Amino acid sequence: ETEMKEKKLRLEDAINATRAAVDEGIVPGGGATFSHLVENLKTWAKYNLHEEELTGALIITKAIEKPLRRIAKNNGKNSALIVNLLQEQNFEIGYNAIDDNLVNMYEKGIIDPAKVTRNTLQNA
């Protein structure tokens, strides 16, 4: 019975993720999208925000790098190096921890629904 409930929850999660992807498309997963956004967000924040808002935005830029840093660290790699290498790449490139290399995330199927990614950032 517990196993059946778990399978049902996984199916519901998959259906919801698919709906979200249909609504707004997909973006590179594995923390790649957020890591690619960091420098743009910092620049935008410095020119458009002041005081507490600027401080909050800079905190968010540090926080959104954490997923990729954790993935790299869990893979025994230097997370700062992986993040720096990734940020020099095109948007669709991300870190594949299984193969320990930078890959086209769309081609490898390492994707996230854009709606989920957007909501995460909006609600941060």
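Reader: Which residue in the turn of the hairpin of β2 and β3 has a positive phi?
Author: It is Asp100, with a phi of about 55°. Please keep in mind that this is a predicted model. The hairpin is formed by β2 and β3, with four residues between the strands.

Reader: In what sense do strand β2 and strand β3 pair, parallel or antiparallel?
Author: They pair in the antiparallel sense, over four bridges. Strand β2 covers residues 93–96, and strand β3 covers residues 101–104.

Reader: And which residue stands opposite Tyr95?
Author: Leu102 in β3 stands opposite Tyr95. Likewise, Gly94 has Val103 of β3 opposite.

Reader: What happens to the side chains along a regular strand?
Author: In general, they alternate between the two faces of the sheet.

Reader: At what angle do α2 and α3 pack, then?
Author: The angle is about 175°, and the axes are 10 Å apart. Helix α2 spans residues 32–48, while helix α3 spans residues 51–63.

Reader: Why are α2 and α3 called roughly antiparallel?
Author: Angles over 145 degrees count as roughly antiparallel. Their angle is about 175°, so α2 and α3 are roughly antiparallel to each other.

Reader: Which residues meet there?
Author: From α2 there are Val38, Leu41, Lys42, Ala45 and Lys46. They meet Leu54, Ala57, Leu58, Ile60 and Thr61 in α3. By class, the contact of α2 with α3 has seven nonpolar residues, one polar and two charged.

Reader: How do α2 and α7 cross?
Author: The axes of α2 and helix α7, residues 114–122, cross at roughly 50° and come within 11 Å. The two helices are therefore oblique to each other. The crossing of α2 past α7 is right-handed.

Reader: Which residues make that contact?
Author: Thr33, Phe34 and Leu37 of α2 make the contact with Thr117, Thr120 and Leu121 of α7. The residues of the contact of α2 with α7 divide into three nonpolar and three polar, with no charged ones.

Reader: Phe34 is on that list. Is Phe34 buried or exposed?
Author: Phe34, in helix α2, is buried, with a relative accessible area of 13%. Leaving aside neighbours within four places in sequence, Phe34 is in contact with Ile64, Thr117, Thr120 and Leu121.

Reader: How far apart are Phe34 and Lys66 in space?
Author: Their C-alpha atoms are 9.1 Å apart, and the two residues are 32 residues apart in sequence.

Reader: What about Thr117: buried or exposed?
Author: Thr117 belongs to helix α7 and counts as buried, at 13% relative accessibility. Apart from neighbours within four places in sequence, Thr117 is in contact with Val27, Thr33, Phe34 and Asp112.

Reader: One last residue. Where is Val83 found?
Author: Val83 is found in helix α5, residues 79–87. Why does Val83 count as buried? Residues under 20% relative accessible area count as buried, and Val83 has 1%.

Reader: Which residues does Val83 touch?
Author: Not counting residues up to four places away in sequence, Val83 touches Glu65, Leu68 and Arg69. The C-alpha atoms of Val83 and Asn119 are separated by 22 Å, and those residues are 36 residues apart along the chain.

Notes:
Residues numbered from 1 in each chain as written. Predicted model: local features only at pLDDT ≥ 70, side-chain atom pairs only at ≥ 80, totals over all residues. Heavy atoms only, no water. Axes fitted to C-alpha atoms, helices over the stretch in contact; angles between N-to-C directions. Parallel < 35°, antiparallel > 145°, perpendicular 65-115°, else oblique. Contact = heavy atoms within 4.5 Å. Nonpolar A, V, L, I, M, F, W, Y, C, P; charged D, E, K, R; others polar. Buried < 20%, exposed > 50% of the residue type's maximum accessible area, 1.4 Å probe, protein only. Left-handed = near helix turned anticlockwise from the far one by under 90°. Pairing = 2+ DSSP bridges.
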